[in-house]
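Here is a walk through one model, starting with its core and working out to the rings and a loop. Have the coordinates open as you read.

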Amino acid sequence: MKHMEINFFQAYLVTLLLESILLFLILAKEFGPKTILINSIIANSITLPFVWFFFPALNIGYVNRLGISELFAFLVEGFIYSKLFRINILSGLKISLICNAVSFLVGLI
């Protein structure tokens, strides 16, 4: 099977699609699709450039870089979701964990 490389823009779109769908499934009873999409765009627009451009520039080894960048995305997005959706931090972190875990696993595929 041939390995397919994707660029930042493609990764950004796939991440937005996946995480927005997950956010909608989790939060649709409390928030409208427009709010969910806007908040997903805000959170991912803040974190994904760090994951793609800043962390890879660090000379700390692939596994360390991957762990740190994924932890960063999870924590920052959890905080952002708690503020934007006006939910408690634990709920924001749980939602972020789900979104980032699925996004990460799909990225591996």
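A nonpolar core, as used here, is a set of buried Ala, Val, Leu, Ile, Met, Phe, Trp, Tyr and Cys residues joined through side-chain atoms within 4.5 Å. Buried means under 20% relative accessible area, exposed means over 50%, and partly exposed is in between (1.4 Å probe, protein chains only). This is a predicted model, so local features need pLDDT of at least 70 and side-chain atom pairs count only at pLDDT 80 or more, while totals for chains, interfaces and linings use all residues. Residues are numbered from 1 along each chain as its sequence is written, and side-chain values use heavy atoms, with hydrogens and water left out.

**The cores**

The largest nonpolar core has 12 residues in all: Leu-22, Leu-23, Leu-27, Phe-31, Ile-36, Ala-43, Ile-80, Tyr-81, Phe-85, Ile-87, Ile-95 and Cys-99. H1, H2, H3 and H4 are the elements that give two or more residues to this core, and H1 gives the most, with three. Helices here are DSSP runs (H or I, at least four residues), numbered from the N terminus. Take Ile-36: leaving aside neighbours within four places in sequence, Ile-36 is in contact (heavy atoms within 4.5 Å) with Ser-20, Leu-23, Phe-24, Leu-27, Ala-28, Phe-31 and Phe-85. There's also a second, separate core of five residues, including Leu-16, Leu-48, Val-51 and Ala-73.

**Helix H2**

H2 has 22 residues and reaches 31 Å from its first C-alpha to its last, close to the 32 Å expected at 1.5 Å a residue. That expected span is 1.5 Å times one less than the number of residues. H2 bends by about 30 degrees at Ser-45, with a proline, Pro-49, following within four residues; the bend is the angle between axes fitted to the seven residues ending at a position and the seven starting there.

Which residues of H2 are buried? They are Ile-36, Asn-39, Ser-40, Ala-43, Asn-44, Thr-47, Leu-48 and Val-51. These buried residues pack against H1 and helix H3 (62-84). Over in H3 sits Ser-69, which is buried at a relative accessible area of 4%. Neighbours within four places in sequence aside, Ser-69 is in contact with Val-51 and Phe-55.

**The rings**

The structure holds nine aromatic pairs. Rings of Phe, Tyr and Trp (its six-membered ring) pair if their centres lie within 6.5 Å; planes under 30 degrees apart count as stacked, over 60 as edge-to-face and the rest as tilted. Here are two of the pairs:

| Pair | Centre distance | Plane angle | Class |
|---|---|---|---|
| Phe-8 and Trp-52 | 5.9 Å | 80 degrees | edge-to-face |
| Phe-8 and Phe-53 | 5.0 Å | 45 degrees | tilted |

The Phe-8 and Trp-52 pair links helix H1 (residues 8-27) to helix H2 (residues 33-54), 44 residues apart. Phe-8 in H1 and Phe-53 in H2 tie together parts that are 45 residues apart in sequence. Phe-8 is partly exposed at 24% relative accessibility, and Trp-52 is partly exposed at 30%. Phe-8, Tyr-12, Trp-52 and Phe-53 form one aromatic cluster.

Most residues other than glycine have a negative phi. Arg-86, though, has a positive phi, near 55 degrees. Arg-86 lies in the loop between H3 and helix H4 (89-108) and is exposed, with a relative accessible area of 77%.
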